[in-house]
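Please find below some notes for a colleague opening this structure for the first time.

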Amino acid sequence: MPAFKGGPGVCHFRTIVQDGTKFLRGRLEPGSAIGMHIHEDSCETIIILEGIATVLKPVPEEGTELLKAGDVSFCPKGHGHSLMNAGTTDLHFLGIVTPQ
């Protein structure tokens, strides 16, 4: 999927939905990102499986977080984030979006 959530590059993902919870198995090519978005009625947990990622968080927690395989990032309801491939190889991740 090109320009997912307005991010640059291409994001490949497979989604499974079970009782309203979305499980996303994703892959971002080098230079690609999932654009900034707000979780208005859900929260999201991202687990990095392979590669290096940067998570950008806007107000109120502001900042960036560098993640590698095995690391986890959490975006609570009402907050936003963006996930970027910060490496030179594909970034593989699992996203779990839970309705609130």
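1. Lys57 and Glu65 form a salt bridge, with 3.2 Å between the closest N and O atoms. The term stands for a side-chain nitrogen of Lys or Arg within 4 Å of a carboxyl oxygen of Asp or Glu. Glu65 is partly exposed, at a relative accessible area of 26%. Here buried means under 20% relative accessible area, exposed over 50%, and partly exposed in between (1.4 Å probe, protein chains only).

2. On the basis of these notes: the model is predicted, so local features need pLDDT of at least 70 and side-chain atom pairs count only at pLDDT 80 or more, while totals for chains, interfaces and linings use all residues. Residues are numbered from 1 along each chain as its sequence is written, and side-chain values use heavy atoms, with hydrogens and water left out.

3. The whole structure holds 3 salt bridges. One of them joins Arg27 to Asp90, where the closest N and O atoms are 2.8 Å apart. This pair links distant parts of the chain, 63 residues apart: Arg27 belongs to strand E2 (residues 21-28), and Asp90 to the loop between strand E8 (80-85) and strand E9 (91-99). Strands (E, at least two residues) and helices (H or I, at least four) are DSSP runs numbered from the N terminus. Arg27 is partly exposed, with a relative accessible area of 25%, and Asp90 is also partly exposed, at 23%.

4. Lys68 and Asp71 meet through their side chains in a salt bridge of 3.7 Å, N to O. The relative accessible area of Asp71 is 22%, which means partly exposed.

5. Is His37 buried or exposed? His37 is buried, with a relative accessible area of 14%, and sits in strand E3 (residues 33-38). Its side chain makes a polar contact with the side chain of His39 at 3.2 Å. Such a contact is a pair of N or O atoms within 3.5 Å; within protein, one must be able to donate a hydrogen and the other to accept it, and residues adjacent in sequence count only if both atoms are side-chain atoms. A polar atom of the His37 side chain also lies 2.8 Å from the backbone oxygen of Gly35.

6. An open sheet is formed by 5 strands in the order E1-E2-E9-E4-E7, with antiparallel pairing. Strands E1 (11-18) and E7 (72-75) are at the edges; each has a single partner strand, so one side of each lacks a neighbour in the sheet. Two strands pair if DSSP finds at least two bridges between them. E1 and E2 are joined by 8 bridges, and Arg14 has Arg25 in E2 as its bridge partner.
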